Amino acid sequence: MSSRVGIRKHLPNRARKKGLAPGSLVYVGTSQKQAASHPPRITSMIFEGETPQEQEGYALPDILPLRPAPALTWINVEGLHNEALLAEFGEAFQLNGLLLEDILNTEQRPKAETLDTHTYIILKTFQFKAAQEEIATEQVSIVMGPHFVITFLEDADPQFDEVKNRLRLNSRRLRSLGVGYLTHMLLDTIIDSYFSVLEEVGERLETLEDSLSEAQPPNILQNLHRLKRELIFLRKNIWPVREILNGLQQADTEIITPAVHPYLRDLYDHTIQVMDTLESYRDLLSGLQDLYLSVLSYRMNDVMKVLTIMSSLFIPLTFIVGVYGMNFKVMPELNQPWGYPAVWMIMLLTATGMLAYFKRKRWI
Amino acid sequence: MSSRVGIRKHLPNRARKKGLAPGSLVYVGTSQKQAASHPPRITSMIFEGETPQEQEGYALPDILPLRPAPALTWINVEGLHNEALLAEFGEAFQLNGLLLEDILNTEQRPKAETLDTHTYIILKTFQFKAAQEEIATEQVSIVMGPHFVITFLEDADPQFDEVKNRLRLNSRRLRSLGVGYLTHMLLDTIIDSYFSVLEEVGERLETLEDSLSEAQPPNILQNLHRLKRELIFLRKNIWPVREILNGLQQADTEIITPAVHPYLRDLYDHTIQVMDTLESYRDLLSGLQDLYLSVLSYRMNDVMKVLTIMSSLFIPLTFIVGVYGMNFKVMPELNQPWGYPAVWMIMLLTATGMLAYFKRKRWI
Amino acid sequence: MSSRVGIRKHLPNRARKKGLAPGSLVYVGTSQKQAASHPPRITSMIFEGETPQEQEGYALPDILPLRPAPALTWINVEGLHNEALLAEFGEAFQLNGLLLEDILNTEQRPKAETLDTHTYIILKTFQFKAAQEEIATEQVSIVMGPHFVITFLEDADPQFDEVKNRLRLNSRRLRSLGVGYLTHMLLDTIIDSYFSVLEEVGERLETLEDSLSEAQPPNILQNLHRLKRELIFLRKNIWPVREILNGLQQADTEIITPAVHPYLRDLYDHTIQVMDTLESYRDLLSGLQDLYLSVLSYRMNDVMKVLTIMSSLFIPLTFIVGVYGMNFKVMPELNQPWGYPAVWMIMLLTATGMLAYFKRKRWI
Amino acid sequence: MSSRVGIRKHLPNRARKKGLAPGSLVYVGTSQKQAASHPPRITSMIFEGETPQEQEGYALPDILPLRPAPALTWINVEGLHNEALLAEFGEAFQLNGLLLEDILNTEQRPKAETLDTHTYIILKTFQFKAAQEEIATEQVSIVMGPHFVITFLEDADPQFDEVKNRLRLNSRRLRSLGVGYLTHMLLDTIIDSYFSVLEEVGERLETLEDSLSEAQPPNILQNLHRLKRELIFLRKNIWPVREILNGLQQADTEIITPAVHPYLRDLYDHTIQVMDTLESYRDLLSGLQDLYLSVLSYRMNDVMKVLTIMSSLFIPLTFIVGVYGMNFKVMPELNQPWGYPAVWMIMLLTATGMLAYFKRKRWI
Amino acid sequence: MSSRVGIRKHLPNRARKKGLAPGSLVYVGTSQKQAASHPPRITSMIFEGETPQEQEGYALPDILPLRPAPALTWINVEGLHNEALLAEFGEAFQLNGLLLEDILNTEQRPKAETLDTHTYIILKTFQFKAAQEEIATEQVSIVMGPHFVITFLEDADPQFDEVKNRLRLNSRRLRSLGVGYLTHMLLDTIIDSYFSVLEEVGERLETLEDSLSEAQPPNILQNLHRLKRELIFLRKNIWPVREILNGLQQADTEIITPAVHPYLRDLYDHTIQVMDTLESYRDLLSGLQDLYLSVLSYRMNDVMKVLTIMSSLFIPLTFIVGVYGMNFKVMPELNQPWGYPAVWMIMLLTATGMLAYFKRKRWI
């Protein structure tokens, strides 16, 4: 189940776990209730001959036992809420308790760890939901064993289906390069999802930039802040992926053969590119913020100038006409026939003087 | 005794210590007087058979002598103000003088040190006190010997009681993994307290963010500043924990067995996650500050526009009506029957012109 | 084909690649259609005797087979859109699939990689287009084999023509130093293009700085923001070049002989100088931004002072004349002959008092 | 002689030295003249038996010759202006010329250096002078030889007198641990002076924070800036101390025995704590600055709102009454008996409308 | 020839070099024409016996051949524009082509390089020109051979004359320590010029700080920006010197003997001190900028308050008097004898109320 990027999203929801012994299996994602309607779906692909053989079910025995060693099996579990199922997996594949705990904790920081018999990677996929204008995130755990790969998803993921389709058409290279190559394919798909999300973010940045030149940009502040929050969130979740890939390249496990290394280096380059883009976006965003504040200041200046010019022009004139609106018995000017035109003359001179002053100050 | 997060809190209170030889034992926390009413309470748990044996007292002999080596003893001291008691502990367990000094100095920076016969860790627990809306902090010192763990608390701590309860129910894994595992359990509890406090901080951040869209957010500045101060405080006290855990993993003492390493790595991951969250919160907080300043600027702009529109609209009109309020004998317009409607006409035109100008400037 | 620096430019355009197997050759630059009119042009220079021999064509066989080992061949391909051609190259020179993919991906991050038989470098040239006032960028890939260098350009590049002219006149040093020296010449040309672009940026920075002292600088905000965006873009593309040159110096391939090392060190120094200049420009730009905001604030202050002085001077006077414009039957002052001059006296005193106050406040 | 923290303080006063050969001894602190009245005072403490033997004088022979090796001698020189005296010291104890130069240059950056026969440390003590509200600083040089320690102060220092008092009472540990322990005692005293100064700074920060909530905080800007300047100054002088202590721990001289290492590690921890506190203060200070600017903006907003409400409310009304103050012959409304109440009615409606608008905008 | 610090100064002027083969000798400083009137002057000092022997001329043969090995020769060339002369030097002393190119490129980044037979250092001297209020910069190249040092200056430099004078008086130490010591003397002179320039900058910073408290500081913005630009410029040119000195200390050439190492370490310490001071100045400058912006905000607040008080006080009163200036036939109040005093009473009450409100708001 995907989840929105709010502030609290930055904090792992560990309330349910507090007070439990370390190693207890508790799913911290969507609530149990909501999950009940979605029983976890398990699919497997066995790569032995030309065409991969596929199995599907809702329980572990449906896909067991695995084919012996030269065959490579990929098991994909969609739905994490069934803690009992996970425990069965743990037993069947001798997975460490802390690993299972990490898989269930869907607010896990991306990480990779190499244990005795298997290596596991936990990371996030992102998806931009246009309708809600928000980034949905899902946790993917990849467990690599000697001749199998198990992937645990929070929910069905169309990107993984694409990988399956590709493998149905052609799995020759996979059969020759083994577990490491399958992992590379999955990671490649996931890192591609980072590019898509960044593309969305970049588009929104550009829209914001364009809207800054409008007089009354709608909700620009909220949008800037939101983008910033999303960049912080993405950064926090993508940054560790670099380390993970770096670690995988240097790991001396039998699972990842040297033939896979160039592919991993390629992934590493992609991640660096994602990070570079993220950093550029951060710089661009902060540039936009500065620009927006400058625009506000500039406009305020503009508004103030109009006010000052209008006030400074008419306030003295209003005073002058006020003088001759007084009702004193003895006001000699009032009785002169030239009084009225003279006042107009004075007022015109005053106004002209003010305007010349503003001209000199370059306000008009 | 817990203490509030004020600015001076960032500085160790070393006034009482000035002018003393290095190594003198002085408790720098709550004053002696206040402490007198709370005699320090000592409890011990001995893990030998199925059920742990517990002892409790107010003096060291109550819990001595320790059981011989296969048995593991946990001694918990609640209350640090009794310097004499600590000196007794020092003698009974051959604790170094500088260590005792560090334990008493409740404003010690989190640290770990490995001495000849024991390793000790000093760190902080945090608790969010909803009533006073503040973060209370307490120092915890954990001394690990070959078959005992001594913990020194400033005051009774419910989190440690939970650990005890858990151990009463099941201490099998503890008995097999030894001192290192007990330390892991205690550290796990403490690091969980960091998550709780961060959750509170996150909630307050979100509340602040929501309140920014209100017209007159109450005390937003004070709240932002307070949160910032608290984040600085948390950061200062949590950051060194990372180093500590890193050091524990690499330490080659006999106390921490390799079987405990995965547990420590897990704790290390949690601390990294805490740090990441703290950094994200800092970024979010500074984002909120920028947002708030922009909101202020934006509203000022709004206010200025209203002022400028009203003034610029009516000041010229007031001038015009002022002109015909003058009392000159000779003002030909005044005697014309069309004078009054003509003035209205002029005024309407002026106003319309101004409004058109504002429209063009997109102020209205 | 060159491309403009927009925000989305920061993101590699990988949309066309999504869902393809890793290693598929897809050109992500200009569209196929546009490219069809520009068939890729292939030129070769063979350095064997005094004068280099040149060949030119639109297909690979036109320039094959290469001369045997002591002869050095430089093959230059202008135009990347023909994916089939690139695949032929891959086959003829045994180029790795991932390399070919990198060459075609014109939004590749600058990188260098050493494979078994060849080393390749991918980087960008920049060109300031005065007409459009923008920075155009093009990707250059340099593949070094044992006795050949192949360069792939997106489009014909006058800088490379200059290199050719230079080699036509004198290729002695090239024949003695080999592949590494040719690479150095090409990189030197490319890094010189960085200096030219920076010179343009510096000139624009200086123009902006000068225009700040004008009263109504035109579009200063937009220009500042644009420069910032360009600096971010340049930085992102030039920064990795440092690493590349560093790597080349330390690489222990047979292609780059020790005699070339001083030349590479020289290039490295130039890149450091480019980076230093970029960083200085960033600092200067952010200084200009601060200056601009201060100038705005300062001017606002000025405007406000004029408004305040005018208003504070005349508003009380207007009130006074208003008082004696009232029509009460009984207003004793109105009937006194000294009434009118007395009011003038009071008004003069009021105005003088206000002016003295402003003088004391140093507003005038 | 102590000196104030001004901007130029950040720069070593090397004017007097310019044009001299390197290694010339010139005292750059207080002028020669001023110093003449204060002849440098030399004291020595010899630690051999239970009670230390003390000597005092104004010339080097007063305290020579030193006792042979098992005895440990501490020579303290108060006053640096006598360059001849220092040269004598240099000869008597075979001190390097550059060392002597460093000792005299009272604007030396804190440093430690290990030469063939002795190690020397140069650092600063700080003292907060409440009367002048400023931080006074003094340079201390500690030269460690095989069985002597020479300390050079700019002036008499009460902190060193305390160390002496402590040693008069009990010097057993010193006699067993030697030169390294004496150095530790002196450094401990100096680092304690950092805590005192930080405590003062912290108190002033808190006072500033409290005063921010007042309406007219007195000199808040000047105070913030001053504190900032002082933090920059402290940072510059304390930061290198960390390196010094680190270096001392790793130095493999015979002067600092392994038994002293825990004491040095303790000092190192204290310095880290000082640095942490300094960094926190910097963050808090910059937080206060932001807060202050926000407070200013917020208040400006408040002021503007009052102005806008008052103006927008009365300017239209003043226009209306102006209309009926015109003296046109033909103004039908004026002759109607309902004219006057009708105008009041219109004005009330206008005012109510404005107020409703402000209410809706949440300005009132 | 010295040059001003403008923005473009940050960029090496490489326009003249574009399109030339690497290694071509082109002087990029003052134009050829200007230089023609100043033929380069060559002086040499030979240190063999007590007094150095000096020679002077305008061509290389004037000072050749060098004395054999135990004698040490320092050749100083003032004026770089004669490219032919430099080429002669290159031939006579077997200097590398890239080195000569670096010497001529007067916009070279400070660097040091060790070649087979000689080591060279390129760096900048700075001089504050009080008349033009700007920092002049000149490039100095120092080439160290086995028993000679050649220095290339852009123009005659009084600092080098001082070094000569010092050597005329006493060259004993130089004769014993050799080439390394002469280099140290020259570098010491150059680094002293950094201190002088920083002292000037510090003085200007302090002047700016003092002028901030004045009401109308003249050109404070321009001055702040100018200082910032100069600090960026200094930083860029001084920072690499640290590396250079570090490199010299670690270089294992026969030219720099271990006896010179303490002198180099001393220079290194000075450079660190220069860097520290530069960084402090940057911090202080940015503090001044913040202070200035706060001062502007604070004053704006002040101005606004006066405006608001005056307007809010008189605008309602002006409305009231306007009411009774209306000419309605039926206005009962006008005919009452108490009308006029009653209006005064109402106005006094209104004004008092406003003032009380402002008092409560603490605006007055």
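Trainee: How many helices and strands are there in chain A?
Mentor: This is a predicted model, in which local features need pLDDT of at least 70, side-chain atom pairs count only at pLDDT 80 or more, and totals for chains, interfaces and linings use all residues. Residues are numbered from 1 along each chain as its sequence is written, chains are lettered from A and ligands numbered from 1 in the order in which they are written, and side-chain values use heavy atoms, with hydrogens and water left out. Helices (H or I, at least four residues) and strands (E, at least two) are DSSP runs, numbered from the N terminus. By that rule chain A has ten helices and seven strands.

Trainee: What share of the residues of chain A count as buried?
Mentor: Buried means under 20% relative accessible area, computed with a 1.4 Å probe on protein chains only. Of the 364 residues in chain A, the share is 60%.

Trainee: Which rotation superposes chain D on chain E?
Mentor: Copies are superposed by least squares on the C-alpha atoms of residues with pLDDT of at least 70 in both. Chain D goes onto chain E with an RMSD of 0.1 Å and 0.0 Å of shift along the axis, by a rotation of 72°. That relation is the one of a five-fold axis.

Trainee: Why do the copies meet through different surfaces?
Mentor: Contact means heavy atoms within 4.5 Å. Chain D gives 59 residues to its contact with chain E, and chain E gives 69. The surfaces differ because the interface residues of chain D that are also interface residues in chain E amount to only 17%.

Trainee: How many salt bridges are there between chain D and chain E?
Mentor: A salt bridge is a side-chain nitrogen of Lys or Arg within 4 Å of a carboxyl oxygen of Asp or Glu. R229(D) and E209(E) form one, with their closest N and O atoms 2.7 Å apart. The count for chain D and chain E is seven.

Methods:
Buried < 20%, exposed > 50% of the residue type's maximum accessible area, 1.4 Å probe, protein only.
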